[in-house]
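User: Could you walk me through this one? I'd like to talk about contacts and packing.

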Amino acid sequence: MKPDMSVEIAGLKLRNPVMTASGTFGYGEEFSQYVNLETIGAFVTKGLSLKPRAGNPTPRIVETPGGMLNAIGLQNVGIEAFIQKKVPFLRTVNTPAIANFFGYTPEEYAELATRLDSIPEVAALEVNISCPNVKQGGIVFGTDPACAASVVKACRAATTKPLIVKLSPNVTDIVEMAQACEGEGADALSVINTLTGMAIDLERRRPVLANVTGGLSGPAIKPIALRMVWQVSKVVKVPVIGIGGIMSASDALEFMLAGATAVQVGTASFVNPGAAQEIAEGMEQWLLDHGVGDVTSLIGALQA
Amino acid sequence: MQFKAMILDNAEVSPGYWRMRMTAPPEILAAQPGQFAMVRVNPSIDPLIRRPFGVFDVGMHQPAYTGAAAQPYLEILYRVVGKGTAMLAALHETDLLDIIAPLGTGFDLGPAGEEKLIVGGGVGLAPLYLLAKELVQQSPVRLFAGGRTKDDVLCITEFERLGVECYTATEDGSLGECGFVTKVLEQRLDCTGNTGRIFACGPHGMLQAVAGIAAKRGVPCQVSLEGYMACGVGACLGCVCEGAGHSADTPDYRCVCSEGPVFEATELKWEVA
């Protein structure tokens, strides 16, 4: 018998726990040739801002052992162009689209949340308080619990849709951040965003990235992400979405054991554009092979 | 299109430069000159990211055995510059690769009959062979190939076999004209009174010089760019280049992988020489 792969995040029903991570899947359409979008649980858009953002100078990315650093700088089309040019595609796909967004002040976050709340094609909101590559906003809100709480509070008041907060790992105590966000009404937590890192060109004696530092993603960060998902999910009541170096179905299942209700696949989609679909199919096969009838029975089932 | 390719041949054609032929689905035959392939060097996580390579050639591979059916192939020309390309160079016939191709926007061939001027620097010749192959069907074609030494001027015989008139230049004078290939290009434009259409691929400095020459002489010019990219399909936004109108206040970034890699030279921002 086919296992039940469906999970629920704050009332949002997903056909399976596999989503694509913000910034790695464009606005959905870019990958439609390689992935049947209706085989994955949900997809998350590139981070949106009120005004279009050009992003950082190049080089913006560099490969590192088992991973990559990026400093794109949140280049995005802005909320207006998103509504005009990207939302019509979302309408054609029977898979929830989650809009990731960021602002520079709590008021801006609230304004974006209000606008996204009014778009029927947007199933849920993911607040980015954790981008390491922009000077103001982003990470500033993601490293101080009081700042994070103020952003979540402002967004919560602006939307009735499921509100997901994406946390930064670049903090001393991620549990404290998680609790601050949960306390202000976050419906779910995405754990984790990229880790700040850098790469150096020895011969030129210069940083490789124009932005000097960037966010590390890929399999290199999986052990850290697993640990943080485990720490956070033990103390919060809201669902946790596990993110960080997931390349295979077994990686995704490990995150569920650690406490994640769903997962996001990021860098893997760059390496293999069909990764999210293959991971969802692989998870189902694993459940079938192991006689597990319901994927939710794995959530937090780590024997520790 | 994503496919598993089997290597048919992988040989060093000049010190440090390799040419690889691999099997491909029949759809590869529709690849446009200037498009590229994203190659996963191996299935492990190191190296993690795919490498982009211009499509050097596509066609039908005829196995040596009598009666064996011809099959479509894809060829790339690459230079060993780091870990990923060194691993590629160590592969052999029958090894498998994971490929996404053809990707990106290729060259606009322009009207038939008009003289076509192809300019390549070093491994920048990679996407220009398929271009020459198509251009010779409709126009007289000249190739201007440059490099540091004669070892950096690649596959000239193949271009000559197509009927392309080849001019070479090397910085050390070991082959052809001594100096930059742009000098030879300018000599030709002097002869023809600045007619024709330029197609260029090579190091950034060469492209900038070619774009400058084209602008000054009013000759249409397309350039094919390189970029650090993770996805190749316009999602990671790692590979962007600056459009002509770019400034800090009016940013204009173009995706090399999806809007390019081929651009009209006038669409891009070039530093003032």
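Analyst: Leaving out residues up to four places away in sequence, A:Val127 touches A:Phe101, A:Tyr109, A:Val151, A:Val152, A:Cys155, A:Leu163, A:Ile164, A:Val165 and A:Lys166. Contact here means C-beta atoms, placed from the backbone, within 7 Å. It's a predicted model, where local features need pLDDT of at least 70, side-chain atom pairs count only at pLDDT 80 or more, and totals for chains, interfaces and linings use all residues. Residues are numbered from 1 along each chain as its sequence is written, with chains lettered from A and ligands numbered from 1 in the order in which they are written.

User: How far apart are the C-alpha centres of domain 1 and domain 2 of chain B?

Analyst: An automatic or database assignment sets the bounds, giving domain 1 (2-103) and domain 2 (116-267) in chain B. In chain B, 23 residues of domain 1 are in contact with 19 residues of domain 2. The C-alpha centres of these chain B domains are separated by 22 Å.

User: How many residues does chain A give to the contact with chain B?

Analyst: Chain B brings 21 residues to this contact. From chain A, the number is 28 residues.

Conventions. Contact = placed C-beta atoms within 7 Å.
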